[in-house]
Amino acid sequence: MPAGTLYRGREGMWSWVAHRVTGVLIFFFLFVHVLDTALVRVSPEAYDDVVATYKNPIVALLEYGLVAAILFHALNGLRVIAVDFWSKGPRYQKTMLWTVVAIWIALMIPAMIPVLGHAADQIWGK
């Protein structure tokens, strides 16, 4: 690349960004999980109150987002390992990324069926 040109961002850059974002989201979940679990030692009633606030549709949707983030982070992590430690990895990194995305979508569609079913029940009152 000539000096002075900006990196325009291709698949490698976006996979890097997605990997970092999913990593931060997973870390945030683990941090909150440790904090709310620690409440058991302080006050079991406070723990019960906090856990009761998690029983709503928004948190249920966030849990599916957590599953999506963990799944992508894990699959992309395997791709990063292949790129770093396989001599032909850099040559196939783009193909491996699209394979990761395809596997992620193939696994997330069945996982979303209960979410869509529950949303339909909420909308139509079943």
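At 17% relative accessibility, E11 counts as buried, where buried means under 20% relative accessible area, exposed means over 50%, and partly exposed lies in between, as judged with a 1.4 Å probe and protein chains only. This is a predicted model, in which local features need pLDDT of at least 70 and side-chain atom pairs count only at pLDDT 80 or more, while totals for chains, interfaces and linings use all residues. Residues are numbered from 1 along each chain as its sequence is written, and side-chain values use heavy atoms, with hydrogens and water left out.

**Overall make-up**

- The secondary structure of the protein comes to four helices and zero strands, these being DSSP runs numbered from the N terminus (H or I of at least four residues for helices, E of at least two for strands).
- Read along the sequence, the pattern of the protein is α-α-α-α, and of its 126 residues, 19% count as buried.

**The salt bridge**

- The count comes to one salt bridge, a term that stands for a side-chain nitrogen of Lys or Arg within 4 Å of a carboxyl oxygen of Asp or Glu.
- The partners are K94 and E11, whose closest N and O atoms are 3.9 Å apart, and the pair links distant parts of the chain, with K94 in helix α4 (residues 89-124) and E11 in helix α1, 83 residues apart.
- K94 is partly exposed, with a relative accessible area of 36%, whereas E11 is buried at 17%.

**Packing of α1 and α3**

- Helix α1 and helix α3 (residues 57-85) pack at an angle of about 130 degrees, with their axes 9 Å apart, where axes are lines fitted to C-alpha atoms, for helices over the stretch in contact, and angles run from 0 to 180 degrees between N-to-C directions.
- That angle makes α1 oblique to α3, because angles under 35 degrees count as roughly parallel, over 145 as roughly antiparallel, 65 to 115 as roughly perpendicular, and the rest as oblique.
- The C-alpha atoms of N76 and W16, 60 residues apart along the chain, are separated by 9.0 Å; N76 is found in helix α3 and is buried, with a relative accessible area of 1%.

**Other pairs separated along the chain**

- V67 lies in helix α3 and is partly exposed, with a relative accessible area of 42%, and its C-alpha atom is separated by 8.9 Å from that of A111, 44 residues apart along the chain.
- W104 lies in helix α4 and is partly exposed, with a relative accessible area of 26%, while the C-alpha atoms of W104 and A74, 30 residues apart along the chain, are separated by 9.9 Å.

**A nonpolar patch on the surface**

- F27, F31 and L35 form a nonpolar patch on the surface, with about 340 Å² of accessible area together, the areas coming from the Shrake-Rupley method with a 1.4 Å probe and, for residues, only the protein chains shown counting as cover.
- Patches are made of residues with over 30% relative accessible area and no salt bridge, like charges being joined within 9 Å and nonpolar side chains (Val, Leu, Ile, Met, Phe, Trp, Tyr) within 5 Å.
- F27 lies in helix α1 (residues 11-42) and is exposed, with a relative accessible area of 58%.
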